[in-house]
Amino acid sequence: LVSRKKKPENTLINLKGEIIGNGIPSFVFGPCAVESYDQVAIVAEAVKKKGLKLLRGGAYKPRTSPYDFQGLGLEGLQILKRVADEYDLAVISEIVNPADIETAVDYIDVIQIGARNMQNFELLKAAGQVDKPVLLKRGLAATIDEFIHAAEYIMSQGNGNIILCERGIRTYEKATRNTLDISAVPILKQETHLPVMVDVTHSTGRRDLLIPTAKAALAIGADGVMAEVHPDPAVALSDSAQQMDFEQFDQFWEEIQKLNWVT
Ligand code: PEP
Ligand code: MN
């Protein structure tokens, strides 16, 4: 169902008026994790000031260590909903448990399925049964074919509104947190009719690589870019090494705006 052979035209996803997949890149910014109302609201304000529409923030955090901050859960979703309403933004947040999908649709505009859950088939099926766009991230060690099959799981249940997100894969290279597989973007666009985004934060794990990798993503035809922004990354409860502060966010956005394919 996700194959371009089956449906030659691009799937477009409308998020409160922002169209993903229409050739004009979309941008998703926001903190790694929802930490408080004030923290999310101040980021929303910065996003809004740039004329952008999409905000991210994790309420359920799939952390490597069980002793690290696990997210605010439902309270985090409630904060996102409040901020989305106040700033008229569409919010994206990861759901990790199939049982939480039905509740989540009342609070968020896009259900994110994270890299660690790309092959959590019960979660994929649950996300396929609701009327809410899904942002599906590529698994840490998933081939492109496995990634496409994960999207197929969602679509086979009836939900065709899927955004694919390349977020780097595990290789022997240690200079970056993951290796951004940039060629996955045109391959996914050839093989499927779904929009493809690139998460530059989790793929690189390096603040100094966010601008060049975002440029590469847009140059190779990505439908959008995701990056993390935090009011004070030094005290962030997760991913403090790679989130941008507001000054870096301004710089990032200035560089991106110089590219003439962004309107
Ligand atoms: C995230 O986007 O918050 C995240 C945890 O990303 P990934 O699943 O790609 O590691
Ligand atoms: Mn993060």
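**Notebook: barrel strands, ligand shell, loops**

I started at strand S10, where Met226 stands opposite Asp199. Helices (DSSP H or I, at least four residues) and strands (DSSP E, at least two) are numbered from the N terminus. For pairing I needed at least two DSSP bridges between two strands.

*Ground rules.* I noted that residues are numbered from 1 along each chain as its sequence is written, with chains lettered from A and ligands numbered from 1 in the order in which they are written. This is a predicted model, so local features need pLDDT of at least 70 and side-chain atom pairs count only at pLDDT 80 or more, while totals for chains, interfaces and linings use all residues.

*Confidence.* I checked pLDDT, the predictor's confidence in each residue on a scale from 0 to 100. The chain averages 97, and 99% of the residues score at least 70. Among the elements, strand S8 (residues 162–166) has the highest mean pLDDT, 99. Helix H9 (residues 246–257) has the lowest, 97. For the complex, the predictor gives an ipTM of 0.99 and a pTM of 0.97.

*Barrel.* In what order do the strands close into a barrel? I traced eight, S3-S4-S5-S6-S7-S8-S9-S10, with parallel pairing. On average, neighbouring strands of this sheet are turned by 25 degrees against each other, direction ignored. The axes behind such angles are lines fitted to C-alpha atoms, for helices over the stretch in contact; angles run from 0 to 180 degrees between N-to-C directions. In general, strands of a sheet pair through backbone hydrogen bonds, either parallel or antiparallel.

*Around S9.* S9 (residues 196–199) pairs with S10 (residues 224–228) in the parallel sense, over three bridges. S8 is joined to S9 by three bridges too, and these strands run parallel. Here Glu166 stands opposite Val198 of S9. I then looked at burial: a residue is buried with 20 or more other C-beta atoms within 10 Å of its own, exposed with 12 or fewer, and partly exposed in between, with C-beta atoms placed from the backbone. Both faces of S9 are covered. Val196 and Val198 are buried on one side, Met197 and Asp199 on the other.

*Around S7.* S6 (110–113) and S7 (134–137) run parallel, joined by three bridges. Ile113 stands opposite Leu136 in S7. Val134 and Leu136 point one way from S7, Leu135 and Lys137 the other way; all are buried.

*Ligand 1.* Which residues are around ligand 1? I listed Cys32, Gly58, Pro62, Glu94, Gly114, Ala115, Arg116, Lys137, Arg167, Asp199 and His202. The test is a C-beta atom, placed from the backbone, within 6 Å of the molecule. By class, the shell has five charged, three polar and three nonpolar residues. Asp, Glu, Lys and Arg count as charged; Ala, Val, Leu, Ile, Met, Phe, Trp, Tyr, Cys and Pro as nonpolar; the others, Gly among them, as polar.

In H4 (residues 121–128) I found Leu123, Leu124, Ala126, Ala127 and Gly128 buried. They pack against helix H3 (101–104), S6, S7 and H5. Contact here means C-beta atoms, placed from the backbone, within 7 Å.

*Ile144.* This residue sits in H5. Why is Ile144 partly exposed? I read off 18 other C-beta atoms within 10 Å. Leaving aside neighbours within four places in sequence, Ile144 is in contact with Ala184, Ile187 and Leu188. Its C-alpha atom is separated by 15 Å from that of Ile162, 18 residues apart along the chain.

*Gln190.* It belongs to helix H6 (residues 184–191). Gln190 is exposed because 9 other C-beta atoms lie within 10 Å. Ser3 is 187 residues apart along the chain, yet the two C-alpha atoms are separated by 8.7 Å.

*Positive phi.* Lys16 has a positive phi of about 50 degrees although it is not a glycine. I placed Lys16 in the loop between S1 (13–15) and S2 (18–20). It counts as exposed because it has 12 C-beta neighbours inside 10 Å. Asp88 also has a positive phi, near 50 degrees. Asp88 is in the loop between H2 (74–87) and S5 (90–94). Is Asp88 buried or exposed? Exposed, with 11 C-beta neighbours inside 10 Å.

Key: Two residues are in contact if their C-beta atoms, placed from the backbone, lie within 7 Å.
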